[in-house]
Amino acid sequence: MNNSGPRIVSVVLGAWLFISAFLLPYSGAQFTNTWIVGLAVVVFSLIGIASVPARFLNTLAAIWLFISVWILSGATTGTRWNSAIVAVLLFIFSLAPGEGERPIAPADRRVRA
């Protein structure tokens, strides 16, 4: 569990996203998208604690969340900002290596066995 720091932050971000769907004035497609992505982020983050590659599922979720802010209806300016900020933070933390976890090396620097 030495790589859990960024994953725990991602759990908190996912939990906030899920809760915010019910607290903020989301509606329609944005409402559904927000709580589903929030729940998925929590699950992906918990799996990412045990399986390092699973953290990249949150990278994909963050990209989708950011795109969905602009293409799905049912959000106010405030809720768009909420989702966009969470998406950016989630993207950053999904790429952050945990404690004791090696950063991903560029392909030309990888050691071949």
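How are H2 and H3 oriented relative to each other, roughly parallel or roughly antiparallel? The legends below take up this and related points for a predicted model.

**View 1. Overall fold of the predicted model.** The protein contains four helices and zero strands. Read from the N terminus, the order of elements is α-α-α-α. Of the 113 residues in the protein, 37% are buried. Counting contacts between residues at least 6 apart in sequence, 71% link residues at least 24 apart.

**View 2. Packing of helix H2 against helix H3.** Helix H2 spans residues 28–50 and helix H3 spans residues 55–71. Their axes come within 8 Å and cross at roughly 165 degrees. Angles over 145 degrees count as roughly antiparallel, and H2 and H3 are therefore roughly antiparallel to each other. The crossing of H2 and H3 is left-handed. On the H2 side, the contact involves Gln30, Asn33, Val37, Val41, Phe44, Ser45 and Gly48. H3 contributes Arg55, Leu57, Asn58, Ala61, Trp64, Leu65, Ser68 and Val69. By class, the residues of this contact of H2 with H3 are eight nonpolar, six polar and one charged.

**View 3. Packing of helix H3 against helix H4.** Helix H4 covers residues 77–95, and the axes of H3 and H4 come within 8 Å, crossing at roughly 160 degrees. H3 and H4 are therefore also roughly antiparallel to each other. Their crossing is left-handed. From H3, the contact is made by Arg55, Phe56, Asn58, Thr59, Ala62, Ile63, Leu65, Phe66, Val69 and Trp70. The residues of the contact of H3 with H4 divide into 14 nonpolar, four polar and two charged.

View 4. Arg55 belongs to helix H3. The relative accessibility of Arg55 is 3%. Buried means under 20% relative accessible area, so Arg55 counts as buried. A polar atom of the Arg55 side chain lies 3.1 Å from the backbone oxygen of Ser94.

Technical notes:
Residues are numbered from 1 along each chain as its sequence is written. This is a predicted model: local features need pLDDT of at least 70, side-chain atom pairs count only at pLDDT 80 or more; totals for chains, interfaces and linings use all residues. Side-chain values use heavy atoms; hydrogens and water are left out. Axes are lines fitted to C-alpha atoms, for helices over the stretch in contact, and angles run from 0 to 180 degrees between N-to-C directions. Helices (H or I, at least four residues) and strands (E, at least two) are DSSP runs, numbered from the N terminus. Angles under 35 degrees count as roughly parallel, over 145 as roughly antiparallel, 65 to 115 as roughly perpendicular and the rest as oblique. A crossing is left-handed if the near helix is turned anticlockwise from the far one by less than a right angle, and right-handed if clockwise. Contact means heavy atoms within 4.5 Å. Ala, Val, Leu, Ile, Met, Phe, Trp, Tyr, Cys and Pro count as nonpolar, Asp, Glu, Lys and Arg as charged, and the others, Gly among them, as polar. Buried means under 20% relative accessible area, exposed over 50%, partly exposed in between (1.4 Å probe, protein chains only). A polar contact is a pair of N or O atoms within 3.5 Å; within protein, one must be able to donate a hydrogen and the other to accept it, and residues adjacent in sequence count only if both atoms are side-chain atoms.
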